[in-house]
Amino acid sequence: MTWDKMIAAELKKPYFQDLIRFLKAEDARKTILPVKDNRMNAFKLTPFDEVKVVIIGQDPYHNLGQAHGLSFSVEQGPWPPSLKNIYKELHDDLGIKRETGNLSGWARQGVLLLNRVLTVEIHQPLSHQNHGWEMFTEEAVRLIAHKETPVVFILWGAHAQKVRPLIKNFRHLVLTSVHPSPLSASRGFFGSKPFSKTNAYLEKEGLEPIDFAL
């Protein structure tokens with residue numbers, strides 16, 4: 001299976017046709033983020049066969065210039081609070097201090113940065129939930145969960161943890177915690193050490209660890 005085959009199969013389904021019509025109407029009269037060319041970036045940058053880690057987000061950042069198709073990643077501009085907290089935990093966990101909010105370097109190493117909802121109206125968080133994206137991204141998770149090679153699934157917060165029942169292969173590692181947002185990070189995200197746990201598991205399974213500094 002490749003992402004192209006998966007996407008082609010989903011495109012034919014009635015729910016996805018409804019989603020396409022919804023997005024066309026939204027794009028015609030509103031500012032929708034990210035721009036069209038970036039909406040499938042998670043799949044473009046991390047081929048199916050190369051997925052080693054999956055980090056599930058909620059929906060794209062809703063301010064202009066931030067979202068570019070990768071969960072928790074910003075193309076440019078100030079870092080959102082959740083990303084700041086992710087970087088704080090990364091530094092506390094592995095001693096890494098990042099200078100950019102763009103996580104494309106992670107994606108190219110096999111980290112699928114996947115939001116459950118892939119579009120949003122500007123300044124309107126969760127405005128595109130329940131229009132079909134969840135069915136699409138859950139199919140992606142289901143396919144990855146069937147892989148024989150070990151995968152680390154990182155599920156931060158209640159929205160991400162809704163995909164937990166889809167991950168049934170005991171070879172995969174599932175790491176869960178509260179969301180890294182300022183409202184919850186101090187209740188279990190800080191100190192959870194997801195990055196070192198991820199690399200320890202990958203190395204144990206004979207896979208190349210992720211260089212989270214890239």
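A pocket here is an open set of points on a 1 Å grid over the protein atoms alone, with protein on both sides within 12 Å along at least five of seven lines, and its lining residues have an atom within 4 Å of a point. Grid points are joined across faces, edges and corners, and a volume is the space filled by probe spheres set on the points.

This is a predicted model: local features need pLDDT of at least 70, side-chain atom pairs count only at pLDDT 80 or more, and totals for chains, interfaces and linings use all residues. Residues are numbered from 1 along each chain as its sequence is written, and side-chain values use heavy atoms, with hydrogens and water left out.

**Exercise 1. Find what lines the second largest pocket, and say which helix gives the largest share.**

Step 1: start with the volume, which is about 260 Å³ for the second largest pocket.

Step 2: list the lining. Ile7, Leu11, Phe16, Leu19, Ile20, Leu23, Lys24, Asp27, Lys36, Arg39, Met40 and Trp133 make it up.

Step 3: sort by class, with Ala, Val, Leu, Ile, Met, Phe, Trp, Tyr, Cys and Pro as nonpolar, Asp, Glu, Lys and Arg as charged, and the others, Gly among them, as polar. You get eight nonpolar, four charged and no polar residues.

Step 4: assign the helices, which are DSSP runs (H or I, at least four residues; strands are E, at least two) numbered from the N terminus. Helix H1 (3-11) and helix H2 (14-29) each give at least two lining residues. H2 has the largest share, with six.

**Exercise 2. Describe the largest pocket: what is its volume, and which residues lie nearest its centre?**

Step 1: the volume comes out at about 370 Å³.

Step 2: 24 residues line the largest pocket, and Gln58, Asp59, Pro60, Tyr61 and His62 lie nearest its centre.

**Exercise 3. Work out the strand order of the open sheet and what packs on it.**

Step 1: two strands pair if DSSP finds at least two bridges between them. Four strands make the open sheet, ordered E3-E2-E5-E6, with parallel pairing. At the edges sit strand E3 (111-115) and strand E6 (173-177), each pairing on one side only.

Step 2: From one strand to the next, the twist averages 15°.

Step 3: Helix H8 (residues 194-204) lies across E2, E5 and E6 and runs at about 165° to E5.

Step 4: check the bridges. E2 (residues 53-57) has four to E5 (residues 152-156), and five bridges link E2 and E3. Val53 is opposite Val152 in E5, Val54 has Phe153 as its bridge partner there, and Ile56 faces Leu114 in E3.

**Exercise 4. Are the residues of E2 buried or exposed, and which way do they point?**

Step 1: set the cut-offs. Buried is under 20% relative accessible area, exposed over 50%, and partly exposed in between (1.4 Å probe, protein chains only).

Step 2: five of the five residues of E2 are buried, so E2 is largely enclosed by the rest of the structure.

Step 3: recall the pattern. In a regular strand, side chains alternate between the two faces of the sheet. In E2, Val53, Ile55 and Gly57 point one way, while Val54 and Ile56 point the other.

Definitions and conventions: On a 1 Å grid over the protein atoms alone, a cavity is a set of points where a 1.4 Å probe fits but cannot get out, and a pocket is an open set with protein on both sides within 12 Å along at least five of seven lines; lining residues have an atom within 4 Å of a point. Axes are lines fitted to C-alpha atoms, for helices over the stretch in contact, and angles run from 0 to 180 degrees between N-to-C directions. Contact means heavy atoms within 4.5 Å.
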